[in-house]
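Please consider the structure shown below. The explanation that accompanies it begins with the chain as a whole and then turns to one of its helices.

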Amino acid sequence: MKQVRRKGWTFGKWACAGILVAALCLSASFCAFAEGWEHDGVGWWYRYDNGTYPANTLRNIGGKFYGFNPSGYMYTGWAKLGGQYYYFRQSSDAVYIAGEMYYGWLYDTDGKWYYLDPDQGGKMLASQWLDSEGSRYYFKPSGAMAQNEVFGVQSGDLSGHSFEADASGAIIRNRTIKDGDVTIEYDDSGIMYFTNPTLTKLKKLTGADNFKWPDEASREQAIAEWKAQLDEAIADEKNEYYYRYKSISKTTTAVASWEADVKAKFKNVLEDSEITSYISSVKSGYYTEIATGNTYDDYEEDEWYYEDEDED
């Protein structure tokens with residue numbers, strides 16, 4: 001009987017002691033945990049000695065950066081934290097540990113190259129340039145490196161220009177290429193300057209000094225788009241000179257000045273016979289406004305002014 005009572009008393013003693021310790025841990029953070037990595041069926045997480053763990057953040061642990069999802073589990077592969085993309089190693093080897101941040105060039109399973117910049121804490125470059133070992137590379141908004149393509153840049157100091165990346169991804173620079181009737185000049189930054197008969201005419205009409213190569217377009221597609229731009233520019237100018245003619249007094253001097261301006265504007269853009277035909281149609285009242293993306297209101301009488309020295 002004594003042994004039974006003693007055994008029961010001993011059990012109760014330790015049970016009470018366990019409850020007391022647990023209460024102290026919960027109420028006063030009296031307990032200390034062993035800090036380190038933990039693992040379960042879901043994944044790995046890191047527990048601090050106070051029982052808490054990092055979540056939805058980056059943490060430097062043992063000199064290496066790791067990323068943790070909102071539940072506290074360690075990321076592997078791609079992850080977005082603080083609005084930036086990072087890549088974390090998916091497996092361990094003799095040098096690297098699974099989950100640690102990846103730096104530098106990455107050839108991903110989608111067959112594209114990415115760059116995790118060590119100078120920016122491992123962030124994936126996107127809409128950014130990289131100068132490396134004498135070559136320049138561009139990483140598109142998706143983060144994928146431009147490769148074997150012509151592309152436009154929409155942000156930064158070089159916004160609004162076209163560039164070409166070769167098969168290795170390097171930007172073509174300081175070169176002149178003849179492609180059919182298109183001459184392409186690449187400056188030191190890689191900006192492409194195009195010249196062909198259509199663009200020469202378009203430049204004369206609009207005053208633009210650079211033209212973009214349409215994204216993902218072949219040479220034939222690019223020329224066709226430039227031709228469409230030229231056709232619209234010609235139509236705009238014809239409409240404008242039509243309204244200009246309507247606004248002037250029809251004196252000999254005013255009409256002659258208008259004709260001279262028309263001929264100067266369309267010289268080397270239209271054939272002489274087409275210029276003559278246009279002038280005749282406007283003066284005779286047979287010209288019909290060409291539909292374009294622009295709209296025109298009748299000009300005020302004094303908007304286009306010619307000297308009326310020789311009034312009839």
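The following paragraphs describe the chain in outline and then a single helix with its surroundings.

This is a predicted model, in which local features need pLDDT of at least 70 and side-chain atom pairs count only at pLDDT 80 or more, while totals for chains, interfaces and linings use all residues. Residues are numbered from 1 along each chain as its sequence is written, and side-chain values use heavy atoms, with hydrogens and water left out.

The chain has five helices and 16 strands; these are DSSP runs numbered from the N terminus (helices: H or I, at least four residues; strands: E, at least two). Of its 312 residues, 37% count as buried, meaning under 20% relative accessible area, whereas exposed means over 50% and partly exposed lies in between (1.4 Å probe, protein chains only). Among contacts (heavy atoms within 4.5 Å) between residues at least 6 apart in sequence, 42% join residues at least 24 apart.

Helix α5 comprises 13 residues, 272–284, and reaches 18 Å from its first C-alpha to its last, close to the 18 Å expected at 1.5 Å a residue. That expected span is 1.5 Å times one less than the number of residues.

The buried residues of α5 are I275, Y278, I279, S281 and V282. They lie on the same side of α5 because they cover an arc of only 165 degrees around the axis, the arc being that of the directions from the helix axis to the C-beta atoms. Their cover includes α3 (219–247) and α4 (252–266). On the other side of α5, D272, S273 and T276 are exposed. Just after α5, G285 takes a positive phi of about 85 degrees.
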